[in-house]
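Please keep the sequence and the structure in view while reading.

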Amino acid sequence: MTNFADRRRMMVDNQVRPSDVTKYPIIEALLSVERENFVPQALREAAYLGENLAFSKDRVLLEPRTIAKMLDALDITADELVLDLGAGMGYSSAVIAQMAQAVIAVEEDETLARDAETLLAETGVVNAVVETGQIAAGAPQHGPYDVITVEGAVEVVPQAIIDQLKNGGRMAAIFADGNLGTVRIGLKVNGQMNWRFSFNASAPVLAGFEREEAFSL
């Protein structure tokens, strides 16, 4: 029988800590949330590999290193409300819920959203709510948010999402550039986003976050 607890410790020791992520709340969350339960049955044995796990052609569960470094850069605190966009089966929301006051998870795939709702309830996560709807629309009815995370890549961030972030709030997203990508951390100041480079990572671009193609004759 697979010992997933050992694999979680190996994930933290071999993927997370070597990436300079050592904050106790992040380490504790990654050790306690059973990642193997938040992936399809066929992917359970691969749950702790150091790579993105594909739910479908254009949707993935981000690799542990990427999630950990994003959370490290965001430095979420226990009094903050977080919007988790593209939550998949709820793994990222379960991790974030251990650090934040509450998490609003948005997922547009109805099957994934149902799975996320069930798994979060079964694992005792009481401070996360799953909303089914377009990821690029967010969940304005629960905002504004202190922090926004995007569990996939973007080419652009829709204004509708930026509008849901508080002034002084932070956002993390993987900005796609061809097959490459960079995680940037954004700070909203006077209604505008100021982005800084954080580290390299990649993922498929989420629907609604594509750059509009310029029209030419």
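How many bridges join strand β7 to strand β8, and do the two run parallel or antiparallel? The model is a predicted one. In it, β7 (residues 165-177) and β8 (residues 180-189) run antiparallel and are joined by eight bridges. A172 has I185 as its bridge partner in β8, and D177 stands opposite L180 of that strand. The hairpin of β7 and β8 has two residues between the strands, and there G178 takes a positive phi near 70 degrees.

**The sheet**

β7 and β8 belong to an open sheet of seven strands with the order β5-β4-β3-β6-β7-β8-β9 and mixed pairing. The edges are held by β5 and β9 (192-200); each of these has a single partner strand, so one side of each is left without a neighbour in the sheet. On average, neighbouring strands of this sheet are turned by 20 degrees against each other, direction ignored. Strands of a sheet pair through backbone hydrogen bonds, either parallel or antiparallel.

| Strand pair | Sense | Bridges | Example of bridge partners |
|---|---|---|---|
| β3 and β4 | parallel | five | L83 and I104 |
| β6 and β7 | parallel | six | A153 and I174 |
| β7 and β8 | antiparallel | eight | A172 and I185 |

How many of the residues of strand β3 (residues 81-85) are buried? Five of its five residues are, and the strand is mostly covered. The cover is on both faces: L81, L83 and L85 are buried on one side, V82 and D84 on the other.

**Helices against the sheet**

Helix α3 (residues 64-74) packs on the sheet, where it touches β6 (145-154), β7, β8 and β9. The direction of α3 makes about 135 degrees with that of β9. Helix α5 lies across β4 and β5 and runs at about 165 degrees to β5.

**Helix α5**

The residues of α5 that are buried are L112, A113, A116, L119 and L120. They cover an arc of only 135 degrees around the axis, which puts them on the same side of α5. An α-helix has 3.6 residues a turn, so residues three or four places apart point the same way.

What do the buried residues of α5 pack against? Their contacts are with β1 (53-56), β2 (59-61), α4 (91-97), β4 (102-107) and β5 (128-132). E110, A121 and E122, on the other side of α5, are exposed.

At the N-terminal end, α5 is capped by D109, with a side-chain oxygen 3.0 Å from the backbone nitrogen of T111. Just after α5, G124 has a positive phi of about 80 degrees.

**Helix α2**

Which residues of helix α2 (residues 24-32) are buried? They are I26, I27, A29 and L30. Seen down the axis of α2, these buried residues fall within an arc of 165 degrees, so they line one face of the helix. The elements that cover them include α1 (4-16), α3 and α4.

Most residues other than glycine have a negative phi, and most peptide bonds are trans. Some places in this model depart from that pattern.

D20 is not a glycine, yet has a positive phi of about 65 degrees. D20 is placed in the loop between α1 and α2. Its relative accessibility is 64%, and exposed means over 50%, so D20 counts as exposed.

D75, also not a glycine, has a positive phi of about 50 degrees. D75 is in the loop between α3 and β3 and is partly exposed, with a relative accessible area of 43%.

Which two residues are joined by a cis peptide bond? They are G143 and P144, with omega at about 5 degrees. P144 is in the loop between β5 and β6.

Definitions and conventions: Residues are numbered from 1 along each chain as its sequence is written. Side-chain values use heavy atoms; hydrogens and water are left out. Buried means under 20% relative accessible area, exposed over 50%, partly exposed in between (1.4 Å probe, protein chains only). Helices (H or I, at least four residues) and strands (E, at least two) are DSSP runs, numbered from the N terminus. The arc is that of the directions from the helix axis to the C-beta atoms. Contact means heavy atoms within 4.5 Å. A polar contact is a pair of N or O atoms within 3.5 Å; within protein, one must be able to donate a hydrogen and the other to accept it, and residues adjacent in sequence count only if both atoms are side-chain atoms. Two strands pair if DSSP finds at least two bridges between them. Axes are lines fitted to C-alpha atoms, for helices over the stretch in contact, and angles run from 0 to 180 degrees between N-to-C directions.
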